[in-house]
Amino acid sequence: MFEMLSTPIIVGLFVVWFWFLLLSYKGQPKGLWTLALANTGERFGYYTMLAVFVLFLGDNFGFDAAWASETFSTFLSVVYLLPLFGGMLADRFGYSKMVVIGIFIMFAGYLILSIPLGGANPALVAMCVGLLLVSLGTGLFKGNLQVMVGDLYNTPELQDKRDSGFSLFYMAINLGALFAPTAAIAVMDWAQQSLGYNKADSYHFAFAVACVSVIASIIIYYVGKGTFAHVTGNIRKAKDGVQKTAGNALPVESDSKERIVCLCLVFAVVIFFWMAFHQNGLTLTWFADEYTATKSTGVESMMFDVRNLLACIFIVYGVLGLAQAKEMMAKVLAAVMVVAGGFFLYNMVPAPDVVTEVSAPIFQQFNACFVVMLTPVSIALFGWLASKGKEPKAPVKIGLGMLVAAAAYLMLTLSSIGLPAADPKLHTHNADVGPMLLVNTYLILTFAELLLSPIGISFVTKVAPARYKGMMMGGWFVATAVGNKLVSIPGHMWGMDLTIVWGTLMCICLVAAIFIFSIIKKLNKVA
């Protein structure tokens with residue numbers, strides 16, 4: 001009986017949670033929530049496709065580890081390279097125009113990917129065309145939307161809310177990534193069991209989910225456009241030497257060169273973070289597929305149901321709300337989330353003999369879950385430090401993020417001692433490592449991500465010269481693109497001892513951290 005009611009209960013709690021967010025973060029501009037939800041829809045589609053993409057390459061085209069690595073990393077790199085050119089176009093023609101065009105191009109790409117064409121050369125060509133369109137659309141959409149978010153904070157009264165605003169934005173868009181693996185697995189199972197499609201063709205149904213999600217994204221964007229209409233324009237240089245954007249007059253910075261140099265130094269560091277972090281879609285997925293137990297029982301198995309993860313998220317927000325909320329209604333909503341979330345989890349505990357099947361793509365939900373869950377903790381921590389005048393500046397947070405990422409791969413390295421080497425041809429199950437190893441890896445990598453990614457994006461929008469905002473945000477994504485291309489290096493190493501694969505990533509993160517701390521004074525001057 002409770003199982004039948006579980007989904008409606010979670011939906012109700014979701015509404016309570018969103019109401020709580022609006023009350024708890026009243027000082028944030030309304031446009032933040034609209035732009036975040038629009039990005040949530042787009043990210044849901046992207047990560048639904050990405051959750052199964054590397055497995056699709058093996059099952060549909062027979063790619064081995066090397067070919068799958070190159071295809072995966074090349075796609076990721078192009079996705080994050082094109083925002084540079086998208087930003088340049090937006091600086092000239094307008095952010096909103098590029099965002100809208102990008103959504104429609106993405107839709108066309110996902111539509112092509114959703115058509116089952118088999119595994120021959122025509123299907124391979126169609127896949128490449130679809131991926132190129134998705135990359136182009138993302139290049140026009142992603143960076144420019146984030147520049148618009150940054151421009152919401154150009155007024156003096158909102159400047160000090162920029163970092164927390166980007167953390168909330170980052171949390172919201174990760175909701176899409178949280179549901180993506182479950183959606184991909186569910187729609188593939190439905191295609192196989194109810195429609196009779198084979199496993200390879202069922203992947204295309206997961207890609208079709210992305211078509212629906214980008215439609216939802218554009219609807220949200222247009223319905224809520226009035227909340228961010230003042231930041232939809234582009235930057236133009238006025239005759240009086242003042243640059244005007246989004247209705248605000250901004251001075252021409254005298255230290256533009258120094259700002260750009262500092263940003264480029266940060267970009268050089270984040271290259272190696274993304275190389276390590278985006279192993280979630282490649283070697284970490286292979287580790288889940290080839291080394292991690294495929295069944296789970298008891299309380300441990302609960303974490304593979306996204307509804308239980310949502311209940312945990314609600315409880316975390318509720319506990320923090322009870323401690324921090326100032327309005328009575330916010331405290332009431334927080335109490336509802338704690339009590340109802342706890343009641344939900346209690347009733348979802350399975351019988352000891354119930355076995356849960358664990359699919360490799362499902363592990364990708366944990367990063368998004370931890371981002372959403374830990375964002376208010378991060379905001380509260382840095383808010384407390386700020387109140388004492390001890391909050392570290394953005395470059396310090398980025399350096400700490402690299403150290404934390406190194407710690408994640410140190411744990412994997414030590415835990416992989418004694419495991420057999422992988423088969424580079426894939427699909428060989430070599431061991432039944434407990435799932436908590438990967439879950440804890442994603443937890444630590446999420447700590448690193450929260451220190452680096454939303455803070456880094458906020459740093460770019462704050463430091464970039466006004467007339468180059470779009471281009472410099474594109475530069476952030478170029479750094480991500482280079483890192484994503486380097487993702488293939490551990491993929492080519494798949495077949496070596498696992499301690500070498502993970503140890504290499506650990507050393508790279510550690511060296512990058514040492515570098516950024518060696519130039520921290522220079523970076524802090526413009527932060």
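I start with a definition: a residue counts as buried under 20% relative accessible area, as exposed over 50%, and as partly exposed in between. I keep in mind that this is a predicted model.

**Entry 1: cysteines**

I looked up C128. Its relative accessible area is 45%, so C128 is partly exposed. Next I asked about bonding. A disulfide is a covalent bond between the sulfur atoms of two cysteines. The cut-off I need is 2.5 Å between the two sulfur atoms. Which cysteine sulfur is closest to that of C128? The sulfur of C211 is, at 18 Å, and that is too far for a bond.

I then turned to C509. Is C509 buried or exposed? C509 has a relative accessible area of 0%, so C509 is buried. For the structure, I noted zero disulfides by this rule.

**Entry 2: salt bridges**

Side chains of opposite charge can pair when their charged atoms come close. How many salt bridges does the structure hold? I noted seven.

I took K485 and E70 to begin with. Their side chains meet in a salt bridge, at 2.8 Å from N to O. K485 lies in helix α16 (residues 469–486), and E70 lies in helix α3 (residues 65–81), so the pair ties together parts that are 415 residues apart in sequence.

Then I looked at D305 and R307. They form a salt bridge whose closest N and O atoms are 2.6 Å apart. R307 is buried, because its relative accessible area is 16%.

The next pair was E391 and K397. In this salt bridge the closest N and O atoms are 2.8 Å apart. E391 has a relative accessible area of 31%, so E391 is partly exposed. K397 has 1%, so K397 is buried.

**Entry 3: charges over rings**

I stayed with K397. Over the face of which ring does K397 lie? K397 lies over the face of F382, at 4.1 Å from the ring centre. R43 is placed over a ring as well: R43 lies over the face of Y46, with 4.2 Å to the ring centre.

**Entry 4: aromatic pairs**

I noted 31 aromatic pairs in the structure. I picked out F56 and F61. Why is this pair edge-to-face? The ring centres are 5.5 Å apart and the planes stand at 80°, so the pair is edge-to-face. The cut-off for that label is over 60 degrees between the planes. F56 and F61 are both buried. They also belong to one aromatic cluster, together with F63, W67, Y203 and F207.

My other pair was F304 and F366. It is edge-to-face, with 5.9 Å from centre to centre and 80° between the planes. Where do the two residues lie? F304 is in the loop between β4 (295–297) and α11 (306–324), while F366 is in helix α13 (residues 365–387), so the pair ties together parts that are 62 residues apart in sequence. Both F304 and F366 are buried.

**Entry 5: a nonpolar patch**

I moved to the surface. Which residues form the nonpolar patch? They are W19, M328, M329, V332 and V336, with about 480 Å² of accessible area together. Helix α12 (residues 328–348) gives the largest share, four residues. M328 is found in helix α12. M328 is exposed, because its relative accessible area is 60%.

**Entry 6: distances along the chain and in space**

I looked up Y197 in the loop between α7 (162–193) and α8 (199–223). Y197 has a relative accessible area of 34%, so Y197 is partly exposed. How many Å separate the C-alpha atoms of Y197 and D432? The separation is 29 Å, and the two residues are 235 residues apart along the chain.

At 12% relative accessibility, L55 counts as buried. From L55 to A68 I noted 8.6 Å in space, C-alpha to C-alpha. These two are 13 residues apart in sequence.

Methods:
Residues numbered from 1 in each chain as written. Predicted model: local features only at pLDDT ≥ 70, side-chain atom pairs only at ≥ 80, totals over all residues. Heavy atoms only, no water. Patch = residues over 30% accessible without salt bridge, like charges linked within 9 Å, V, L, I, M, F, W, Y side chains within 5 Å. Areas by Shrake-Rupley, 256 points an atom, 1.4 Å probe, with all protein chains shown as cover. Salt bridge = Lys/Arg side-chain N within 4 Å of Asp/Glu carboxyl O. Buried < 20%, exposed > 50% of the residue type's maximum accessible area, 1.4 Å probe, protein only. Phe/Tyr/Trp six-rings, centres within 6.5 Å; stacked < 30°, edge-to-face > 60°. Lys NZ or Arg CZ within 6 Å of the ring centre and 35° of its normal.
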